Amino acid sequence: MTPTNSHSRFAPDRIAILGGGPGGYEAAMVAADAGAEVTIVEEKGMGGSAVLTDVVPSKTLIATADAMRRVNLATDFGVRFGQGNGDENHAWADFSKVNERLLKLAQSQSHDIHATLESYGVRVVIGRGKVMPPHSIEVTSGAHEGEVIEADAVIVATGAHPRELPSAKPDGERIFNWTQAYNLTEVPEHMIVVGSGVTGAEFASAYRRLGAEVTLVSSREQVLPGEDSDASQVLEHSFERVGVHVASLTRAESVQRTETGVEVTLTNGEVLKGSHCLMAVGGIPNTTGIGLEDCGVEISESGHVQVDTVSRTTANNIYAAGDCTGVMPLASVAAMQGRVAVAHMKGESVKPLKLHQVASNVFTSPEIATVGVTQDQVDSGKYQADVVKLNLATNARAKMMNIREGFVKIFSRKGSGTVIGAVVVAPRASELIFPLALAVTHKLHVDDVATTFTVYPSLTGSISEAARRLHLHVTDPED
């Protein structure tokens with residue numbers, strides 16, 4: 001059963017939100033700004049795991065690794081260290097300071113969100129909670145334990161937690177999940193990362209740039225199996241060049257501590273020895289024991305809350321947003337789901353969530369950003385598209401920045417020339433994808449992109465150049 005469209009539209013005076021991550025706090029601000037009485041219940045602090053243990057700290061760690069990369073490549077630009085006597089030492093990471101900084105930054109961001117919510121008039125309750133029929137929240141821990149928050153509508157935004165294997169239990173000292181990785185006080189001698197999805201690839205890239213030996217265990221033939229194959233190939237070449245070892249087509253059967261480190265036994269019989277192990281094998285939605293089934297909210301076999309494109313669950317006046325829904329594990333999507341939920345319950349004109357318009361980014365080195373139609377969808381015949389892939393090697397700014405790898409790829413609808421998808425592989429691809437996301441969202445023609453002025457020299461010049469080459473495909477199909 002999936003959520004139906006039979007729910008009546010209403011303008012709630014009281015909204016209760018369970019979970020303070022992006023889906024929760026964005027919804028709270030929008031609802032409070034519209035005049036609703038809003039209460040948000042969160043156990044760990046505002047921002048949820050996205051701010052406290054996931055996105056903010058991990059991307060701060062990655063930013064530090066990228067700074068190391070740029071410093072250590074500075075000699076290629078003619079920059080010299082030391083006293084001019086050839087003593088050109090590489091930078092090194094003071095891991096205790098790195099982690100101290102990123103955890104302080106995460107706490108600071110959490111406090112800022114808390115203060116902003118209160119400035120909007122949102123009541124913040126620190127504690128666990130559960131949903132009660134028909135649509136209220138009972139606080140089950142903390143200073144307000146036992147309080148029942150009556151509401152006209154509820155938004156569930158409880159997020160997810162790291163998946164753990166019974167044979168590889170994290171201990172926070174030698175074996176970590178992604179929330180525990182910031183316990184390290186020194187750069188690990190040899191980090192074995194299990195899982196080659198986004199989280200695993202990002203941590204593998206960061207730890208290597210910070211000076212650790214890294215082995216990445218991948219169950220698939222390709223690192224980042226869900227990403228563009230050309231982009232994954234560039235990343236694999238980058239990994240090979242910087243010394244990340246990839247154990248492909250195998251899984252971790254077990255992880256055990258030893259006197260000096262860890263041993264990871266693979267399903268192919270190989271045993272990897274390292275100093276530490278990071279388990280990055282996915283997440284589990286936080287939907288157990290919070291009363292959803294009692295309220296008539298349908299949960300999938302994977303434990304995710306079933307929602308439609310306007311964030312409605314199968315229960316009247318109960319909405320859900322973020323990783324607990326399994327729609328797309330991105331903070332930006334969670335925030336949009338929360339905003340859409342509030343707009344829908346207020347009776348406003350709502351644009352349903354369109355996943356093909358979501359821009360996403362993998363924060364490896366180089367970064368991989370995507371939006372819209374994928375190469376796999378074109379190859380399978382689902383979409384008919386003209387495709388141009390332009391390597392950054394010919395870009396003047398890329399040469400100045402010593403960028404050795406990367407590309408811009410644009411997909412335009414065959415016949416019409418509308419931009420329907422794009423991939424960017426480059427430093428700061430997360431920033432470069434935005435003009436292409438605009439083009440996909442607003443159905444711009446490749447000529448709209450091609451004839452827009454770009455700064456010279458700049459990496460964005462390759463975006464307009466790729467669009468110009470697609471113009472030829474559109475006007476001359478035989479080209």
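Colleague: What kind of model is it?

Modeller: This is a predicted model, in which local features need pLDDT of at least 70 and side-chain atom pairs count only at pLDDT 80 or more, while totals for chains, interfaces and linings use all residues. Residues are numbered from 1 along each chain as its sequence is written, and side-chain values use heavy atoms, with hydrogens and water left out.

Colleague: How many helices and strands are in the chain?

Modeller: The chain has 13 helices and 23 strands. Helices (H or I, at least four residues) and strands (E, at least two) are DSSP runs, numbered from the N terminus.

Colleague: And what does the chain span along its principal axes?

Modeller: The C-alpha trace spans about 70 × 65 × 45 Å. A compact globule of 479 residues would have a radius of gyration near 23 Å, and the chain has 24 Å, which agrees. That radius is taken over C-alpha atoms, and the globule rule is 2.2 Å times the number of residues to the power 0.38.

Colleague: What share of the residues count as buried?

Modeller: Of the 479 residues, 50% count as buried. Buried means under 20% relative accessible area, exposed means over 50%, and partly exposed is in between (1.4 Å probe, protein chains only).

Colleague: What about contacts in the chain between residues at least 6 apart in sequence?

Modeller: Among those, 62% join residues at least 24 apart. A contact means heavy atoms within 4.5 Å.

Colleague: Let's pick a helix. Why does the span of α7 agree with what it should be?

Modeller: Helix α7 covers residues 331-345, and at 1.5 Å a residue its 15 residues should span 21 Å; the end C-alpha atoms are 21 Å apart, so the two agree. The expected span is 1.5 Å times one less than the number of residues.

Colleague: Is α7 mostly covered or mostly open?

Modeller: α7 is mostly covered, with 11 of its 15 residues buried. Among them are V333, Q337, H344 and M345.

Colleague: What covers them?

Modeller: The cover for the buried residues of α7 includes β1 (14-18), α1 (22-33), β7 (153-156) and β18 (318-320). After α7 comes G347, whose phi is positive, near 85 degrees.

Colleague: Now a sheet. In what order do the strands of the open sheet with β19 come?

Modeller: The order is β19-β20-β23-β22-β21, 5 strands with antiparallel pairing. The edge strands, β19 (360-362) and β21 (385-391), each pair on one side only. From one strand to the next, the twist averages 10 degrees. Two strands pair if DSSP finds at least two bridges between them.

Colleague: What packs on that sheet?

Modeller: Helix α6 (residues 229-242) packs on the sheet and touches β20, β21, β22 (407-413) and β23 (419-426); its direction makes about 175 degrees with that of β22. Axes are lines fitted to C-alpha atoms, for helices over the stretch in contact, and angles run from 0 to 180 degrees between N-to-C directions.

Colleague: How is β19 joined to β20?

Modeller: A hairpin through 4 residues joins them. β19 and β20 (residues 367-372) pair in the antiparallel sense over 3 bridges. S360 stands opposite T370 in β20, and N361 has A369 as its bridge partner.

Colleague: What about β20 and β23?

Modeller: Those two pair in the antiparallel sense over 6 bridges. T370 has V423 in β23 as its bridge partner. In β20, 5 of the 6 residues are buried, so the strand is largely enclosed by the rest of the structure.

Colleague: Where are the cis bonds you found?

Modeller: One joins P133 and P134, with omega about -5 degrees; P134 lies in the loop between β4 (129-132) and β5 (136-139). Another runs from Y456 to P457, with omega near -5 degrees, and P457 lies in the loop between α12 (446-450) and α13 (460-475).

Colleague: And what is phi for L224?

Modeller: Phi of L224 is positive, near 55 degrees, and the residue is not a glycine. L224 is in the loop between β11 (213-217) and α6, and it counts as buried because its relative accessibility is 2%.

Colleague: Is N402 buried or partly exposed?

Modeller: N402 counts as partly exposed because its relative accessibility is 24%. N402 also has a positive phi, about 60 degrees, although it is not a glycine, and it lies in the loop between α9 (396-400) and β22.
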